[in-house]
Amino acid sequence: MNEKYSKIIGLLVYGLILSGIIGCISSVFLILVNGLADFLWTDISNELKVPAIYTLLLCIFGGVLVGVSRYKWGNLPKTANDAIVELKTTQRMDYSNIYINFLIAFLILIFGASVGPAAAVLSSVIALSVWQGDKMRYFYFSYNELKKESWLIRLKKLALPHKYLIPYNPDQAPKEKKLLLFKKLFYMLFIVNGIVTFMFFIKISDQPPFVTKLGETNWGLDELYLFIPLVLIGILFSKLYKLMEIAMNKLFSKINNKIILSAVIGGIGIGLMSLIAPKLLFSGQLSMQDLPSLVPTLSVATLILGSVLKLIFMEFCLKSGWIGGNVLPVIFASILQGYAIATFFPQLDMLFIVAVIGCSASIAILKTPLLVGVALMLFFPKELAPVILIIVALFIWLSRMRKKFPQKVTA
């Protein structure tokens with residue numbers, strides 16, 4: 001076999017191993033988060049005579065741990081957006097503190113913060129992918145030297161995570177069309193391999209599903225008459241969120257530099273929320289499973305209050321230093337608002353109303369139409385996919401109009 005192709009095959013196998021390890025690390029992280037959170041919030045709490053005091057003390061203790069950790073190691077965990085910006089700006093990403101990123105995200109998630117795990121996991125996966133690239137570059141550019149080494153030395157150099165790394169250098173990168181094609185193909189294979197490995201470990205560990213279908217739909221022309229008004233209600237709900245965000249910024253502006261104090265206040269807030277509305281803890285992923293059976297038992301006022309409180313609670317956590325993803329909490333709050341509005345129209349298809357308001361509000365808040373659209377299609381039946389895609393297209397068009405006519409488009 002040609003030595004060049006032998007090197008490429010070796011590189012492929014090495015990359016598959018490394019991407020599999022990244023998928024495994026990500027899944028183990030979520031498995032540990034879910035397991036310990038369940039142990040702290042369910043197993044121990046159920047054994048106590050006064051669980052309310054326990055949960056309050058637990059959250060304050062969590063606030064101390066989060067505050068001390070962020071004070072010692074800086075503004076972590078990184079969000080996926082921060083990681084992407086750093087990667088685009090510098091063509092690099094510092095992965096030396098990846099274990100600290102995982103640790104602080106782990107603490108934030110197990111102590112009940114109203115944030116999702118996706119942001120911390122994605123930022124860590126991006127950092128680990130940069131590390132994988134550095135390890136693979138070492139294999140590629142040191143291939144001839146490695147061939148001369150004993151298999152034990154070769155294994156040591158390829159296995160050690162913190163040594164034998166070659167950072168990306170555009171001047172060094174291969175320019176041949178065939179090699180560039182191999183590179184793109186490898187990237188796709190590694191991504192798929194990492195996702196498959198991740199899902200495999202999640203499945204065999206019997207983790208709760210990431211998404212839950214909210215029911216069935218039978219929408220028609222009657223519902224379409226309300227399409228635009230429902231979209232506007234979703235946008236109005238996003239304006240309410242902006243006011244909450246401004247208020248929360250002002251609330252924490254005087255203690256922004258007091259990292260430990262902010263985190264402890266966040267812990268106290270989480271503890272109080274566990275007594276008032278425990279269903280609003282965490283990201284909302286697990287609570288979403290209960291919505292179809294829970295919603296009929298709740299009043300309109302409770303649903304509206306729950307949706308508003310979820311956003312306030314999420315923003316409170318983020319501003320107090322309990323950093324995490326905002327996609328799932330925002331979707332959960334927007335869907336709650338959709339259920340609240342749907343109760344005013346009992347003669348119409350409930351899930352149509354929930355989907356339109358949930359999608360419009362989530363996109364208006366998060367400013368990521370495609371991401372929100374894909375995420376929401378997982379929660380709703382396939383019959384509502386065209387409706388969600390129309391809303392996504394509408395918001396993309398509005399975004400372009402804002403850029404083209406910034407003074408005229410204000411929706």
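Is Cys24 buried, partly exposed or exposed? In this predicted model, Cys24 has a relative accessibility of 24%, so it counts as partly exposed. Cys359 is another story: with 0% relative accessibility, it counts as buried. What about bonds between cysteines? A disulfide is a covalent bond between the sulfur atoms of two cysteines. For a pair to be counted here, the sulfur atoms have to sit within 2.5 Å, and the count of disulfides comes to zero.

Helix α5 runs over residues 118–141, which makes 24 residues. From its first C-alpha to its last it reaches 34 Å, close to the 34 Å expected at 1.5 Å a residue. Where does α5 sit, then? Of its 24 residues, 19 are buried, so the helix is largely enclosed by the rest of the structure.

Helix α18 covers residues 385–404 and has 20 residues. Its reach from first C-alpha to last is 29 Å, close to the expected 28 Å. Buried residues turn up along this helix: Ala385, Val387, Ile388, Ile391, Val392, Phe395, Leu398 and Met401. And what do they pack against?

The peptide bond leading from Leu76 into Pro77 is cis, and its omega is near 0°. With 69% relative accessibility, Asp206 counts as exposed. Phe282 belongs to the loop between α11 (259–276) and α12 (285–288). Phe282 isn't a glycine either, yet it has a positive phi of about 60°. How open is Phe282? At 27% relative accessibility, it counts as partly exposed.

On the surface there is also a nonpolar patch, made up of Met188, Ile191, Ile195, Met199, Phe210, Val211 and Leu378. Together these residues have about 630 Å² of accessible area. Which helix gives the most to the patch? That would be α8, with four residues. Met199, one of the patch residues, lies in helix α8. Its relative accessibility is 39%, so Met199 counts as partly exposed.

Finally, there is Ile259, found in helix α11. With a relative accessibility of 27%, Ile259 counts as partly exposed. Which residues does Ile259 touch, once its neighbours within four places in sequence are set aside? The answer is Gly67, Arg70 and Tyr71. Ile259 can also be compared with Ser320: the two are 61 residues apart along the chain, and their C-alpha atoms are separated by 8.0 Å.

Note on methods. Residues are numbered from 1 along each chain as its sequence is written. This is a predicted model: local features need pLDDT of at least 70, side-chain atom pairs count only at pLDDT 80 or more; totals for chains, interfaces and linings use all residues. Side-chain values use heavy atoms; hydrogens and water are left out. Helices (H or I, at least four residues) and strands (E, at least two) are DSSP runs, numbered from the N terminus. The expected span of a helix is 1.5 Å times one less than its number of residues. Buried means under 20% relative accessible area, exposed over 50%, partly exposed in between (1.4 Å probe, protein chains only). Patches are made of residues with over 30% relative accessible area and no salt bridge: like charges are joined within 9 Å, nonpolar side chains (Val, Leu, Ile, Met, Phe, Trp, Tyr) within 5 Å. Accessible areas come from the Shrake-Rupley method with a 1.4 Å probe; for residues, only the protein chains shown count as cover. A salt bridge is a side-chain nitrogen of Lys or Arg within 4 Å of a carboxyl oxygen of Asp or Glu. Contact means heavy atoms within 4.5 Å.
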